[in-house]
Amino acid sequence: MNYLHETTHQLQKELKTFNDSEQSNINQHNESFGIRPRSLSSLHLTFFFGGEVLSALPAKELIDWHAAIQSRLAQDGFYLRDANDPEQTSPPHHDDVQEPTNPDQEELYWLRVAKFRLFPPRRNYLVVAELEASPALHELYRDLHDIARMSSCDALVEIAQNNPKIWIPHVTLANIQSRKESANRETTRQNLQRLQVLLDDIPSHNAKDGSSSIIILPASVGM
């Protein structure tokens with residue numbers, strides 16, 4: 001995630017340089033156009049989006065679902081991080097959790113930066129990094145949704161059905177900001193085009209050795 005965070009801040013500097021130096025209609029009409037990077041600690045990859053529905057689940061259904069998720073993650077050497085223990089560095093002990101069947105995480109579970117883009121389509125108010133994920137991570141995504149889909153809890157079933165069947169892994173890097181509300185549509189379009197050009201120019205590989213930028217997943221998973 002450090003690479004993504006550093007790249008976003010570099011992009012922010014390039015946009016500022018453009019706004020400061022370009023004598024164009026874009027600059028004259030919208031000097032405040034730019035991006036607001038997300039904090040490093042907030043960068044995340046979503047496997048299962050439950051929104052506010054999860055907090056409204058009955059306690060027993062939430063506990064059962066939590067245990068099922070924990071068991072599936074443990075099979076691959078991951079564990080659920082305790083939100084009340086930010087210093088946690090190892091999984092909690094549970095007698096009913098299986099030993100990992102896939103201990104070599106770095107070979108099986110990887111993410112590679114594919115491209116940088118504006119998101120969502122047509123609305124374009126976020127900058128995201130779209131990622132390629134290993135087959136094992138796609139399998140984990142499907143399994144986590146199957147757990148909810150096969151649950152006796154109607155709310156979990158509905159969430160699973162509404163989540164995308166085809167996973168497009170991505171990390172939200174920044175919000176697009178433009179404080180001048182008077183900017184017209186053409187100015188906005190030109191600003192976004194310029195931003196997309198800069199995004200297209202960002203290499204998806206490590207410039208030092210030419211290797212693909214691999215994101216190593218932590219062993220813990222947040223909920």
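**View 1. The largest nonpolar core of the predicted model.** The largest nonpolar core holds 45 residues, and V127 and L195 have the most contacts inside it. A nonpolar core is here a set of buried Ala, Val, Leu, Ile, Met, Phe, Trp, Tyr and Cys residues joined through side-chain atoms within 4.5 Å, where buried means under 20% relative accessible area, exposed over 50%, and partly exposed in between (1.4 Å probe, protein chains only). At least two residues of this core come from each of α1 (2–21), α3, β3, β4, α5 (135–149), α6, β5 and α7 (185–201), and α5 gives the largest share, six residues. Not counting residues up to four places away in sequence, L195 touches L11, L15, F33, I35, L118, V127 and I176, a contact being heavy atoms within 4.5 Å. In soluble globular proteins, nonpolar side chains tend to be buried together.

This is a predicted model, in which local features need pLDDT of at least 70 and side-chain atom pairs count only at pLDDT 80 or more, while totals for chains, interfaces and linings use all residues. Residues are numbered from 1 along each chain as its sequence is written, and side-chain values use heavy atoms, with hydrogens and water left out.

**View 2. The whole chain and its confidence.** The protein chain has seven helices and seven strands, which are DSSP runs numbered from the N terminus (helices H or I, at least four residues; strands E, at least two). Of its 223 residues, 37% count as buried. The chain averages a pLDDT of 78, and 71% of the residues score at least 70; pLDDT is the predictor's confidence in each residue, from 0 to 100. Confidence is lowest in helix α2 (residues 25–29), with a mean of 50, and highest in β4, at 94. Over residues 206–212 the pLDDT is below 50, and this stretch has seven contacts in the model beyond near neighbours in sequence. Where pLDDT is low, the predicted coordinates should not be read in detail.

**View 3. Helix α3 and the glycine that follows.** Helix α3 (residues 59–75) consists of 17 residues and reaches 25 Å from its first C-alpha to its last, close to the 24 Å expected at 1.5 Å a residue, the expected span being 1.5 Å times one less than the number of residues. Within α3, the buried residues are W65, I69, Q70, R72, L73 and A74. Just after this helix, G77 takes a positive phi of about 85°.

**View 4. The loop between β3 and β4.** P120 lies in the loop between β3 and β4, and a cis peptide bond joins F119 to P120, with omega about -10°. R122 is in this loop too, and its phi is near 75°, a positive value in a residue other than glycine; at 81% relative accessibility, R122 counts as exposed. N124, placed in the loop between β3 (110–119) and β4 (126–133), has a positive phi of about 55° although it is not a glycine. Leaving aside its neighbours within four places in sequence, N124 is in contact with L118, F119, I176 and L192. From N124 to I176 the separation is 52 residues in sequence and 8.0 Å in space, C-alpha to C-alpha.

**View 5. The surroundings of N163.** N163 sits in the loop between α6 (154–162) and β5 (170–177), and it counts as buried because its relative accessibility is 11%. The side chain of N163 makes a polar contact with the side chain of H145 (3.2 Å); a polar contact is a pair of N or O atoms within 3.5 Å, of which, within protein, one must be able to donate a hydrogen and the other to accept it, and residues adjacent in sequence count only if both atoms are side-chain atoms. Apart from neighbours within four places in sequence, N163 is in contact with F48, F49, Y141 and H145.
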